[in-house]
Amino acid sequence: MLINARLEPRVVAIPVCLALAMLGAAATGIEPRLFVILPAFAVVAALLASSTARLAFVVVGGTVVLGSSQDLDVTKLAYLAGVGVAVIGASLNLASRELALQRRLWVPLAISSFVWLGVLVMSLVVATSNGIGVFAWMRDGLNYALFASIPLIAVDASTSKRRGVIGLVLLTAGALTAASFGVKFVAGHGLGDFGLGGLALVSYSLPAALLCYATAASVSNVRSWAIWALAATGVAAIILATGTRSAATLLVGSAVILLVARRLGPERARPGRAVLALALAACITLPLTVAVANVDVSSLLQRFGSIGDLVNHPALDQSYAERVYQTSIDAEAFAQNPLFGVGPGRVISYVPIYSADVKEVVEADSPLGVPAKFGLLGVFALMVSAAAFVLVTRALPRGVPRLALAGFLMLALVRQLYATPLEEKGFSFGLLLLLALALFHAASPRPATVPDS
């Protein structure tokens with residue numbers, strides 16, 4: 001008689017872990033220094049058995065491991081291997097259960113993932129034909145591989161019973177990357193010094209995801225709305241205190257959220273109260289951040305004041321001229337092969353306008369990153385992804401997660417005008433967390449407006 005049994009990840013994890021433990025014990029007996037592999041077995045077991053462990057590993061592990069140089073070292077390769085195990089665990093989990101999500105919430109996301117996987121496979125062929133090594137392709141293609149894996153990990157996370165973990169990961173990773181961003185650019189712009197070294201992944205988008213969620217939560221009627229307002233202004237204060245002029249676009253997501261709160265947000269959204277709370281909270285967090293970082297206020301105001309000079313005389317601005325030059329390099333790469341691009345992994349060598357030294361970069365500061373590396377095929381994949389996320393956002397139930405996701409996507413659209421959001425790992429992490437919260441909200445019989453903390 002045939003038994004119709006489902007494949008449970010926890011059931012699979014038990015024999016796998018036993019086998020790995022036996023191998024680890026044998027290896028340790030042969031060579032004691034191999035004892036280090038035993039914790040790795042524990043990590044593998046957790047990644048196979050728990051959706052929250054998979055989400056935390058991908059995001060928190062990524063913010064810690066990927067914050068160093070762009071080279072692929074042993075630690076990053078171990079992280080990539082862990083992401084592979086997480087993908088296997090997520091696939092087993094989703095294959096073992098009936099999804100509570102409607103098809104219109106996950107089918108567009110699945111299509112987006114498969115399209116990008118096809119593009120990445122084709123890009124490997126293109127890259128190797130252009131003399132780009134496999135490791136260089138992996139290093140640069142990692143950003144897009146993370147983006148392609150977002151739907152699977154997010155849908156997997158939505159099956160968890162611990163919604164608070166998703167919110168906790170968002171708070172932790174968002175705050176950590178915001179601090180890293182502040183440490184790097186406050187010192188880099190000569191405005192002050194936090195007195196700290198490199199903390200983790202330097203990201204603009206992951207703090208932006210936290211800002212969008214905190215702003216959306218401050219619009220809601222939950223008891224903690226005032227705390228979320230304080231968190232939102234705290235993140236914005238850290239980013240703005242760096243004097244990074246493009247960081248001003250960070251406010252776009254919050255502005256969109258406040259404008260569409262009554263349409264997309266909770267039933268009893270109160271955007272007027274949120275505006276007042278955010279303004280009052282900013283009066284606390286911005287001066288406090290400036291004081292802690294010992295930021296030179298006059299230099300900070302001068303940097304933001306130069307936005308007017310940039311608008312009136314763009315050719316005289318070094319940062320703008322540098323971005324235009326790198327964009328022209330991407331345009332030339334696209335012209336070489338309009339259909340498939342030149343592939344990820346190329347190293348751009350050039351002499352900056354402000355220096356006589358040769359500079360090498362892998363990711364150009366340009367909005368043409370996708371067409372340069374993947375050609376029109378990549379542009380098609382980008383359009384498919386944009387359509388998928390718009391369709392999913394429209395299909396989500398009203399609430400804080402939907403409102404936050406809408407604001408974050410609008411912010412990404414604005415950033416695409418002068419940069420390539422997909423080139424930033426923090427963008428994929430932020431989108432993953434917001435999507436996971438939104439899908440959990442949609443799958444829950446009684447969706448909560450904010451995650452438990």
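This is a predicted model: local features need pLDDT of at least 70, side-chain atom pairs count only at pLDDT 80 or more; totals for chains, interfaces and linings use all residues.
1. Overall make-up. The protein chain has 16 helices and two strands. Of its 453 residues, 50% are buried.

2. Helix 3 against helix 4. Two packed helices are described by the angle between their axes and the distance between the axes. For helix 3 (residues 51–65) and helix 4 (residues 74–95), the angle is about 165° and the axes are 9 Å apart. Angles over 145 degrees count as roughly antiparallel, and helix 3 and helix 4 are therefore roughly antiparallel to each other. Their crossing is left-handed.

3. Residues between helix 3 and helix 4. On the helix 3 side the contact is made by Arg54, Phe57, Val58, Gly61, Gly62 and Val65. Helix 4 contributes Thr75, Lys76, Tyr79, Gly82, Val83, Ala86, Gly89, Ala90 and Asn93. By type, the residues of this contact are seven nonpolar, six polar and two charged. An α-helix has 3.6 residues a turn, so residues three or four places apart point the same way.

4. Helix 3 against helix 6. Helix 3 also packs with helix 6 (residues 134–158), at an angle of about 140° and with the axes 8 Å apart. Helix 3 and helix 6 are therefore oblique to each other. The crossing of helix 3 and helix 6 is left-handed.

5. Residues between helix 3 and helix 6. Ser51, Arg54 and Leu55 of helix 3 meet Ile153, Asp156 and Ala157 of helix 6 in this contact. The residues of the contact divide into three nonpolar, one polar and two charged. Arg54 is listed in the contact with helix 4 and also in the contact with helix 6.

6. Length of helix 15. Helix 15 (residues 400–415) has 16 residues. From its first C-alpha to its last it reaches 23 Å, close to the 22 Å expected at 1.5 Å a residue.

7. How much of helix 15 is covered? Helix 15 is mostly covered, with 12 of its 16 residues buried. These buried residues are Val400, Pro401, Arg402, Leu403, Ala404, Leu405, Ala406, Gly407, Phe408, Leu411, Ala412 and Arg415. Their cover includes helix 8 (205–219), helix 10 (250–264), helix 14 (369–395) and helix 16 (425–443).

Notes:
Residues are numbered from 1 along each chain as its sequence is written. Side-chain values use heavy atoms; hydrogens and water are left out. Axes are lines fitted to C-alpha atoms, for helices over the stretch in contact, and angles run from 0 to 180 degrees between N-to-C directions. Helices (H or I, at least four residues) and strands (E, at least two) are DSSP runs, numbered from the N terminus. Angles under 35 degrees count as roughly parallel, over 145 as roughly antiparallel, 65 to 115 as roughly perpendicular and the rest as oblique. A crossing is left-handed if the near helix is turned anticlockwise from the far one by less than a right angle, and right-handed if clockwise. Contact means heavy atoms within 4.5 Å. Ala, Val, Leu, Ile, Met, Phe, Trp, Tyr, Cys and Pro count as nonpolar, Asp, Glu, Lys and Arg as charged, and the others, Gly among them, as polar. The expected span of a helix is 1.5 Å times one less than its number of residues. Buried means under 20% relative accessible area, exposed over 50%, partly exposed in between (1.4 Å probe, protein chains only).
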